[in-house]
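Welcome! Please take a first look at the structure below, and then we will walk through it together.

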Amino acid sequence: MSLQLGVIGTGAIGQDHIRRCSQTLQGCRVVAVTDIDPQQAARVLAGLTLEAEVYPDGHALIQAPEVQALLVTSWGPSHEEFVLAAIAAGKPVFCEKPLAVTAAGCRRIVEAEIAHGRRLVQVGFMRPYDAGYQALKAVVDSGRIGEPLMLHCAHRNPRVGENYKTDMAITDTLIHELDVLRWLLADDYVSVQVLFPRKTGKAHAQLRDPQIVLLETARGTRIDVEIFVNCQYGYDIQCEVVGESGIARLPEPPQVQLRNAASLSSAILMDWKERFIAAYDVELQAFVDGVRAGRVGGPSAWDGLAAAVAADACIEAQQSGAIVPISLPQRPALYA
Ligand code: NAP
């Protein structure tokens with residue numbers, strides 16, 4: 001029987017996930033939705049010609065007997081209360097990042113899940129499900145380039161709006177690297193420093209862009225991540241691992257190579273949604289398959305906490321210019 005899903009939040013990613021669960025994935029169907037504006041939720045259902053119950057709020061939806069698992073896709077500050085309510089109801093929950101907007105909120109979720117005794121939470125970090133990152137991790141894990149010594153990474157967007165502030169380079173942009181690089185290296189961060197190069201003339205007055213984030217891991221691997229959100233030319237994700245005996249690079253997304261008018265070229269994507277579209281499908285299918293098989297895997301509440309702790313340190317480092325320590329408590333057995 002299909003897994004019956006309830007979706008809280010029918011904005012951009014919520015609509016995308018409802019469409020995905022209804023039209024692309026196997027073994028699930030959306031039976032309930034809600035949004036702060038229930039009429040908006042009803043319009044989304046109508047647009048997809050989908051029949052599902054519209055609930056007045058997230059808590060009523062979580063309690064609904066027909067809802068077997070939750071997707072939390074509302075705005076970040078509401079995630080913690082819905083994930084805690086799902087755990088209290090004993091229902092598996094896929095929560096878009098961030099798990100909670102503070103590290104303290106993530107800790108409360110970790111504690112609730114530990115008290116429940118088994119994993120119920122998967123966090124919507126999709127990059128570990130991207131085929132390119134999986135291929136890169138396979139090479140790193142195989143030992144073919146030896147121990148990783150340095151990582152050179154970049155996260156570039158063509159441009160951002162006036163509402164994008166300097167700290168969002170961490171909370172909205174770098175947060176994906178904070179998760180995926182920890183997964184790639186199977187290592188934790190111990191310190192961070194943020195440097196601000198000469199500012200681009202293409203950024204709005206209040207935004208410091210670009211930025212360079214320098215992370216160090218427990219095993220001594222050094223990571224530099226360039227965040228440049230007004231680079232103009234495309235949405236470009238780069239990751240190069242320098243090992244003791246070789247270098248491994250994240251593959252470029254497949255594009256036709258063009259020889260034309262005395263030049264050799266290939267297109268660069270402009271939209272972040274296209275870059276990881278397959279990874280979103282794979283991560284949600286993994287959640288559905290896992291729940292149907294009686295286990296939740298993938299990025300955990302602990303990974304959500306680790307990203308939040310590192311992000312807090314990065315923001316402190318943006319403000320102070322200093323090298324800021326990052327310390328996670330001992331990993332609980334549930335997340336071993
Ligand atoms: P969005 O378009 O603003 O959608 C959020 C929706 O949730 C809006 O319809 C909002 O209503 C609704 N909402 C807010 N509070 C609610 C509540 N208490 N109960 C029910 N609904 C509520 O934002 P989005 O781009 O979809 O992002 C949603 C979340 O997904 C964010 O945490 C974001 O960081 C994450 N996200 C992750 C990725 C990824 O790559 N993994 C990509 C995109 C987004 P109002 O508009 O009326 O406030």
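D236 and R156 form a salt bridge, with their closest N and O atoms 3.3 Å apart. A salt bridge here is a side-chain nitrogen of Lys or Arg within 4 Å of a carboxyl oxygen of Asp or Glu. D236 sits in strand β11 (residues 236-243) and R156 in strand β7 (residues 148-156), so this pair ties together parts that are 80 residues apart in sequence. Helices (H or I, at least four residues) and strands (E, at least two) are DSSP runs, numbered from the N terminus.

Before going further, a word on what you are viewing: this is a predicted model, in which local features need pLDDT of at least 70 and side-chain atom pairs count only at pLDDT 80 or more, while totals for chains, interfaces and linings use all residues. Residues are numbered from 1 along each chain as its sequence is written, and side-chain values use heavy atoms, with hydrogens and water left out.

**More charged pairs**

Side chains of opposite charge can pair when their charged atoms come close. By the rule above, the count comes to 15 salt bridges. One of them joins the side chains of R20 and D281, at 2.6 Å from N to O. This pair links distant parts of the chain, with R20 in helix α1 (residues 12-23) and D281 in helix α9 (residues 277-292), 261 residues apart. R20 and D281 also belong to a network of salt bridges that links them with D16 and R19.

E177 forms a salt bridge with R127, and their closest N and O atoms are 2.8 Å apart. Because E177 lies in helix α7 (residues 168-185) and R127 in the loop between β6 (121-124) and α6 (131-142), the pair ties together parts that are 50 residues apart in sequence.

Buried means under 20% relative accessible area, exposed over 50%, and partly exposed in between (1.4 Å probe, protein chains only). The table gives values for members of the pairs described so far.

| Residue | Relative accessible area | Class |
|---|---|---|
| R20 | 0% | buried |
| R127 | 1% | buried |
| D236 | 8% | buried |
| R156 | 17% | buried |

**The chain as a whole**

Stepping back, the protein chain has 10 helices and 15 strands. Its radius of gyration is 20 Å, close to the 20 Å that the globule rule gives for 336 residues, so the chain is as compact as a globular protein of that length. The radius is taken over C-alpha atoms, and the globule rule is 2.2 Å times the number of residues to the power 0.38. Taken along the principal axes, the C-alpha atoms fill a box of roughly 55 × 55 × 45 Å. Buried residues make up 52% of the 336 residues.

**Backbone details**

Most residues other than glycine have a negative phi, and most peptide bonds are trans. Here are some spots to look at with that in mind. A cis peptide bond joins K97 and P98, with omega about -5°, and P98 lies in the loop between β5 (93-96) and α5 (103-116). The peptide bond from D209 to P210 is also cis, with omega near 0°; P210 is found in the loop between β8 (189-195) and β9 (211-217).

T49 is not a glycine, yet it has a positive phi of about 45°. T49 is placed in the loop between α2 (38-47) and β3 (53-54) and is exposed, with a relative accessible area of 74%. Q232, likewise not a glycine, has a positive phi of about 80°. Q232 lies in the loop between β10 (222-228) and β11, and at 29% relative accessibility Q232 counts as partly exposed.
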